[in-house]
Amino acid sequence: MGTRYFVMKERAVPEVLLKVVEAKRLLETGKVHTVNEAADQAGISRSSFYKYKDDIFPFHENSRGTIITLTFQMEDEPGLLSDVLKIIAEFGANILTIHQSIPINGVASLSLSMQVLPTTGNVSDMLEDLRGQQGVMHVKILAESGEEPGGSLVQS
């Protein structure tokens, strides 16, 4: 079974996960400079931060202008980037930036930012299609940003 995502109202999210989101926000805004400081201010342990930091991030209810940045590890094969971009286009997301490293040992790293529009299809389904693309070894949400706070997107 692949990775699944759930959108939950904030009141349904366990307090420790909300504190992880707060710690990440403190680090991202530069209000603190270390994970130790962020965890202390958020009221969680460093181990809780590290355990959940890659599995929860704020999700913005208003999808207009929401930007998602993904990182990929993929085989260095002609046409594979085109196949990845085609999947994103089929879901109706707007690609903003693409950065691909020079392949090392036949593996390229790719960072891609896209704008999720009101007409964009289900992002979880898009991620599953990207992960299922032959030659794509790893896909991870690196960041998500938007304009209005809504719920939280929790990865399981």
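Is K140 buried, partly exposed or exposed? K140 is partly exposed, with a relative accessible area of 27%, where buried means under 20% relative accessible area, exposed means over 50%, and partly exposed covers what lies in between (1.4 Å probe, protein chains only).

## The model and its terms

This is a predicted model, in which local features need pLDDT of at least 70 and side-chain atom pairs count only at pLDDT 80 or more, while totals for chains, interfaces and linings use all residues. Residues are numbered from 1 along each chain as its sequence is written, and side-chain values use heavy atoms, with hydrogens and water left out.

## Overall layout

The chain contains five helices and seven strands, and these terms refer to DSSP runs numbered from the N terminus, a helix being H or I over at least four residues and a strand being E over at least two.

Of the 156 residues in the chain, 34% are buried. Among the contacts (heavy atoms within 4.5 Å) with a separation of 6 or more, 74% involve residues 24 or more positions apart.

## Salt bridges

Side chains of opposite charge can pair when their charged atoms come close. The structure holds five salt bridges, each defined as a side-chain nitrogen of Lys or Arg within 4 Å of a carboxyl oxygen of Asp or Glu. One of them joins R25 and E22, with 2.6 Å from N to O. These two residues are three apart in helix α1 (residues 15-28), which means that about one helical turn separates them. R25 is partly exposed, at a relative accessible area of 33%, and E22 is likewise counted as partly exposed, at 29%.

D54 takes part in a salt bridge with K53, where the closest N and O atoms are 3.3 Å apart; D54 is partly exposed at 36% relative accessibility, and K53 is partly exposed at 27%. The side chain of D54 also meets that of K140 in a salt bridge of 3.4 Å, N to O. Because D54 lies in the loop between α3 (46-52) and β2 (56-58), whereas K140 belongs to strand β6 (residues 136-145), this pair ties together parts that are 86 residues apart in sequence. Through shared partners, the salt bridges join K53, D54 and K140 into one network.

## Nonpolar cores

In soluble globular proteins, nonpolar side chains tend to be buried together. A nonpolar core here is a set of buried Ala, Val, Leu, Ile, Met, Phe, Trp, Tyr and Cys residues joined through side-chain atoms within 4.5 Å. The largest such core has 23 residues, of which L70, F72, I88, M114, M126, L127 and L130 touch the most other members. At least two residues of this core come from each of β3 (66-75), α4 (80-91), β5 (107-116), α5 (123-132) and β6, and α4 gives the largest share, with five residues.

Another core, of 14 residues, lies apart from the largest one and includes V13, A23, L26 and F49. As for I88, when its neighbours within four places in sequence are left aside, this residue is in contact with A93, I95, L112, M114, M126 and L130.

## Helix α2

In helix α2 (residues 35-42), the buried residues are V35, A38, A39 and A42. Seen down the axis of α2, they fall within an arc of 95°, and therefore line one face of the helix; the arc is that of the directions from the helix axis to the C-beta atoms. The buried residues of α2 pack against α1 and α3, while D40 and Q41 are exposed on the other side of α2. After α2 comes G43, whose phi is positive, near 85°.

## An aromatic pair

One aromatic pair is found in a search of the whole structure. The rings of F49 and Y50 have centres 5.6 Å apart and planes at 80°, so this pair is edge-to-face. Rings of Phe, Tyr and Trp (its six-membered ring) pair if their centres lie within 6.5 Å, and planes under 30 degrees apart count as stacked, over 60 as edge-to-face and the rest as tilted. F49 is buried at 5% relative accessibility, whereas Y50 is partly exposed, with a relative accessible area of 45%.
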